[in-house]
Amino acid sequence: MGHKVVVFDISVIRALWETRVKKHKAWQKKEAERLEKSALEKIKEEWNFVAECRRKGIPQAVYCKNGFIDTNVRLLDKIERNTLTRQSSLPKDRGKRSSAFVFELSGEHWTELPDSLKEQTHLKEWHISNTLIQIIPTYIELFQAMRILDLPKNQISHLPAEIGCLKNLKELNVSFNHLKSIPPELGDCENLDRLDCSGNLELMELPFELSNLKQVTFVDISANKFSSVPICVLRMSNLQWLDISSNNLIDLPQDIDRLEELQSFLLYKNKLTYLPYSMLNLKKLTLLVVSGDHLVELPTALCDSSTPLKFVSLMDNPIDNAQCEDGDEIMESERDRQHFDKEVMKAYIEDLKEREMPLFDGSTWIWSGMCSEF
């Protein structure tokens, strides 16, 4: 038998494939038209846009108005430009602080923390200020490397109990917020060194569990409603700086000398009528600022040259408790005034330290005529 030879026309095959290609292109065009009319593509576009905004830490309120999402790319560019502008205007020292382990947030357009934050559990510092954020989320317990929580001048009304899980926390600043209580679990942060709860205006007590904070050297609970020095503070054996000014103190506890390491004691703008003689036992106390026109008794030995005191200030300007009709305005103006007072006093004390002579030359400087603005 001979070999069979298959003979075919190449033009037939080409025509077959051209027909198939035309059919496929027609299907693609029809599918594109269907997707264009479908809501799925719009949803996908919005989802990708929201994901990009969250990745960049942009709050939902910026891109979502009345339930509708604005996917205008120019909006995203504008937000990024504003962010870069704010970052470029930061002081140089803050720029040095920025790193992969530091989270910074500022501005009243922030009402909540970005969702992406919970995934950055490697962070060691949070610096959040001047926002409208009210809640610190419970997932903060995941940040086991956290060393600094700097949260001043926000709207925070509550600290979660989970904050006690931050065993490496060294500094906590929740000044000038709206806190009315401090969670007892904070006493589990055994490495805490600095605690600033000033300017909340409504704080009346600290939980006894904070007695466990034996490493604390700095406590500021000024501009609140404490009627006495908290028991837990008296048990902070390494405390060196205590500011309890602008409160409702009538007297000091007789065992105030438990604070053997205390060096600076700020009591201005209270209602003290006398100072206990036990203060003479504070052998390391170098700076004492006392407030109140009710102060009628002062241990004379307190200003003796044998004491370590370098500076004593006796101010006579009690807080005006007059009330106005609008309670919210009272709170805000009072908060602003307290913050201003603290900044002025801080600057003044720093200036004293820089100008150690002749104020800190071994003699005691007594000042009883500080300006009424203080």
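This is a predicted model: local features need pLDDT of at least 70, side-chain atom pairs count only at pLDDT 80 or more; totals for chains, interfaces and linings use all residues.

Reader: Why is the pair Lys 225 and Glu 202 called a salt bridge?

Author: The closest N and O atoms of Lys 225 and Glu 202 are 3.5 Å apart. The cut-off is within 4 Å, between a side-chain nitrogen of Lys or Arg and a carboxyl oxygen of Asp or Glu. The pair therefore qualifies as a salt bridge.

Reader: What makes this pair a tie between separate parts of the chain?

Author: Lys 225 lies in the loop between strand 8 (218-220) and helix 6 (231-234). Glu 202 lies in the loop between strand 7 (194-196) and strand 8. The parts they tie together are 23 residues apart in sequence.

Reader: How many salt bridges does the rule give?

Author: The count is 2. Glu 261 forms a salt bridge with Lys 284.

Reader: How do you know that Glu 261 and Lys 284 form a salt bridge?

Author: Their closest N and O atoms are 2.7 Å apart. That is within 4 Å, so the pair counts. Glu 261 sits in the loop between strand 9 (241-243) and strand 10 (264-267). Lys 284 sits in the loop between strand 10 and strand 11 (287-291). This pair ties together parts that are 23 residues apart in sequence. Glu 261, at 23%, is partly exposed, and so is Lys 284, at 40%.

Reader: Why is Asn 200 called buried?

Author: Its relative accessible area is 1%. Buried means under 20%, so Asn 200 is buried. Asn 200 is found in the loop between strand 7 and strand 8.

Reader: What does the side chain of Asn 200 reach?

Author: It reaches the backbone oxygen of Val 174 at 3.2 Å. It also reaches the backbone nitrogen of His 178 at 3.4 Å. The cut-off for a polar contact is within 3.5 Å, and both distances meet it.

Reader: Now the rings. Why is the pair Phe 103 and Trp 126 called edge-to-face?

Author: The ring centres are 6.4 Å apart, and pairing requires them to lie within 6.5 Å. The planes stand at 65 degrees, and over 60 counts as edge-to-face. So the pair is edge-to-face. Phe 103 is in strand 3 (residues 102-106) and Trp 126 in strand 4 (residues 125-129), 23 residues apart. Phe 103 is buried at 12%, and Trp 126 is buried at 0%.

Reader: What makes Trp 126 and Phe 143 an aromatic pair?

Author: Their centres are 5.1 Å apart, within 6.5 Å. Their planes are 75 degrees apart, which is over 60, so this pair is edge-to-face. Phe 143 lies in the loop between strand 4 and strand 5 (148-150), 17 residues from Trp 126. Phe 143 is buried, with a relative accessible area of 0%.

Reader: Which residues form the aromatic cluster?

Author: Phe 103, Trp 126, Tyr 139 and Phe 143 form one cluster. The count of aromatic pairs comes to 4.

Reader: How do you know that a charge sits over the ring of Phe 218?

Author: The charged end of Arg 194 is 3.9 Å from the ring centre of Phe 218. The distance cut-off is within 6 Å. Likewise, Lys 124 lies over the face of Phe 101, at 5.0 Å from the ring centre.

Definitions and conventions: Residues are numbered from 1 along each chain as its sequence is written. Side-chain values use heavy atoms; hydrogens and water are left out. Helices (H or I, at least four residues) and strands (E, at least two) are DSSP runs, numbered from the N terminus. Buried means under 20% relative accessible area, exposed over 50%, partly exposed in between (1.4 Å probe, protein chains only). A polar contact is a pair of N or O atoms within 3.5 Å; within protein, one must be able to donate a hydrogen and the other to accept it, and residues adjacent in sequence count only if both atoms are side-chain atoms. Rings of Phe, Tyr and Trp (its six-membered ring) pair if their centres lie within 6.5 Å; planes under 30 degrees apart count as stacked, over 60 as edge-to-face and the rest as tilted. A charge sits over a ring if NZ of Lys or CZ of Arg is within 6 Å of the ring centre and within 35 degrees of the ring normal.
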